[in-house]
Amino acid sequence: MTSIRKIVASMCLAGNFVLQMGDPAYAHAHLNAEIPAADSTGTAPQSLTLGFTEAVVVKLTGVVVTGPKGNVIETGNVALSDDGKTLTVPLKIELVPGRYSVTWHALAVDGHKTHGVYGFTVTNR
């Protein structure tokens, strides 16, 4: 009888441990690098590069660039790196001097969504 109690107690402890573990933590695709860099000042880029901590689903990830007068800057087709973590966004026009805002949203391949905004400034030279 004592050995049955030990087995049942061990099974209860093991079951309790499994229940306390919960779901595994999944990573989200957070922006960790950008060109031009956030809050930087420099010459007009021909494209933007956004690097993420995890691979993203390019068809469900987007970038909107807004110019100094609040106008949306037209962009070309987004390219995704082979590892799925870096987006290259070509700009269809040359940016004039001023402050630009980049609003982005991303869907990681694990299904988690992230979003954010950063800005940069273009100078004459």
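1. Start with a salt bridge. The side chains of D39 and R99 meet in one, with N and O 3.2 Å apart. A salt bridge here is a side-chain nitrogen of Lys or Arg within 4 Å of a carboxyl oxygen of Asp or Glu. D39 sits in the loop between β1 and β2 (41-42), R99 in strand β8, and the two are 60 residues apart, so the pair links distant parts of the chain. Strands (E, at least two residues) are DSSP runs, numbered from the N terminus. D39 is exposed, at 62% relative accessible area. R99 is partly exposed, at 40%. The cut-offs: buried is under 20% relative accessible area, exposed is over 50%, partly exposed is in between (1.4 Å probe, protein chains only).

2. A word on the source. This is a predicted model, in which local features need pLDDT of at least 70 and side-chain atom pairs count only at pLDDT 80 or more, while totals for chains, interfaces and linings use all residues. Residues are numbered from 1 along each chain as its sequence is written, and side-chain values use heavy atoms, leaving out hydrogens and water.

3. How many salt bridges does a search of the whole structure find? Two. The other joins K92 and E74, whose closest N and O atoms are 3.6 Å apart. K92 lies in the loop between β7 (86-90) and β8, and E74 in the loop between β5 (72-73) and β6 (79-80), so the pair ties together parts 18 residues apart in sequence. K92 is exposed at 52%; E74 is partly exposed at 48%. As a general point, side chains of opposite charge can pair when their charged atoms come close.

4. Now the rings. The structure holds two aromatic pairs. The ring centres of F52 and W104 are 5.4 Å apart and the planes stand at 70°, so this pair is edge-to-face. The rule covers rings of Phe, Tyr and Trp (its six-membered ring) with centres within 6.5 Å; planes under 30 degrees apart are stacked, over 60 edge-to-face, the rest tilted. F52 is in strand β3 and W104 in strand β8 (residues 98-107), 52 residues apart. Both F52 and W104 are buried.

5. Is the pair of Y100 and F120 stacked or edge-to-face? Their ring centres are 5.6 Å apart and their planes at 15°, so the pair is stacked. Y100 lies in strand β8 and F120 in strand β9 (residues 113-122), so parts 20 residues apart in sequence are tied together. Y100 and F120 are buried.

6. Look next at T61, in the loop between β3 (47-52) and β4 (62-66). T61 is buried, at 11% relative accessibility. Its side chain reaches the backbone oxygen of V57 at 2.8 Å. Leaving aside residues up to four places away in sequence, T61 touches V56, L87, H105, A106 and L107. Contact means heavy atoms within 4.5 Å.

7. E34 lies in strand β1 (residues 31-35). E34 touches T49 and Y118, not counting residues up to four places away in sequence. A polar atom of the E34 side chain lies 3.1 Å from the backbone nitrogen of A38. E34 and L87 are 53 residues apart in sequence, yet 9.5 Å apart in space, C-alpha to C-alpha.

Methods: Helices (H or I, at least four residues) and strands (E, at least two) are DSSP runs, numbered from the N terminus. A polar contact is a pair of N or O atoms within 3.5 Å; within protein, one must be able to donate a hydrogen and the other to accept it, and residues adjacent in sequence count only if both atoms are side-chain atoms.
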